[in-house]
Amino acid sequence: MKKVEAFIRHEKVEEVRDALSSIGIEGMSFTEIKGFGRQKGYTETYRGARVTIHLRPKVKVEAVVDDSAVDRVIAAIGESARTGDIGDGKIFVIPVEYAQRIRTGETGPEVL
Ligand SMILES: Nc1ncnc2c1ncn2[C@@H]1O[C@H](COP(=O)(O)OP(=O)(O)OP(=O)(O)O)[C@@H](O)[C@H]1O
Ligand SMILES: [Mg+2]
């Protein structure tokens, strides 16, 4: 299992949710976060000696999925979250060691 974690624009939340749902992903989380990328929160590259970092609101999407679904999930997020402008966000893939559905006690990929 892998956790696909993506940082996306607020206005792309519904599109990303629908794209993941349409490829059969049945659980995911969305969290409002603040962060910055290489523009340090400015809309253009800032060349000052001292840079004040601006934290921009973004949304973190997390989906724990089967290894076999990772490529499809990356493609779905990459396409649905993209505008082509700076600040579109990033996708990370993280290994997941264990999963358990609390109600039933099931473990492993059947939890997904
Ligand atoms: N290395 C990172 N680790 C964790 N979060 C990150 C990382 N890079 C970016 N983020 C998160 O993703 C958000 C969007 O990043 P952003 O798309 O601006 O990246 P970028 O590298 O500057 O790319 P671009 O040039 O397209 O803007 C950031 O506000 C931050 O919340
Ligand atoms: Mg950026």
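Visitor: Which backbone atom lies 2.7 Å from an oxygen atom of ligand 1, and in which residue?

Guide: In this predicted model, a backbone N or O atom of Gly89 lies at that distance from an oxygen atom of the ligand. A polar backbone atom of Gly87 is likewise 2.7 Å from an oxygen atom of ligand 1, while a polar side-chain atom of Lys90 lies 2.8 Å from a nitrogen atom of ligand 1. Taken alone, ligand 1 exposes 610 Å², and the protein buries 74% of that.

Visitor: Which residues come nearest among those around ligand 1?

Guide: There are 14 residues around ligand 1, and the nearest of them are Arg38, Gln39, Gly87, Gly89 and Lys90.

Visitor: What share of the residues of the chain count as buried?

Guide: A residue counts as buried when its relative accessible area is under 20%, and 29% of the 112 residues of the chain count as such. The accessible surface of the chain comes to about 7,600 Å², with 48% of it belonging to carbon and sulfur atoms.

Visitor: How far apart are the mean positions of the positive and negative charges?

Guide: The chain has 18 positive and 18 negative charges, and their mean positions are 9 Å apart.

Definitions and conventions:
Residues are numbered from 1 along each chain as its sequence is written. Chains are lettered from A and ligands numbered from 1 in the order in which they are written. This is a predicted model: local features need pLDDT of at least 70, side-chain atom pairs count only at pLDDT 80 or more; totals for chains, interfaces and linings use all residues. Side-chain values use heavy atoms; hydrogens and water are left out. Buried means under 20% relative accessible area, exposed over 50%, partly exposed in between (1.4 Å probe, protein chains only). Accessible areas come from the Shrake-Rupley method with a 1.4 Å probe; for residues, only the protein chains shown count as cover. Lys and Arg count as positive and Asp and Glu as negative; His and the chain ends are not counted. The place of a charge is taken as NZ of Lys, CZ of Arg, CG of Asp or CD of Glu. A residue is near a molecule or strand if one of its heavy atoms lies within 4 Å of it. A polar contact is a pair of N or O atoms within 3.5 Å; within protein, one must be able to donate a hydrogen and the other to accept it, and residues adjacent in sequence count only if both atoms are side-chain atoms.
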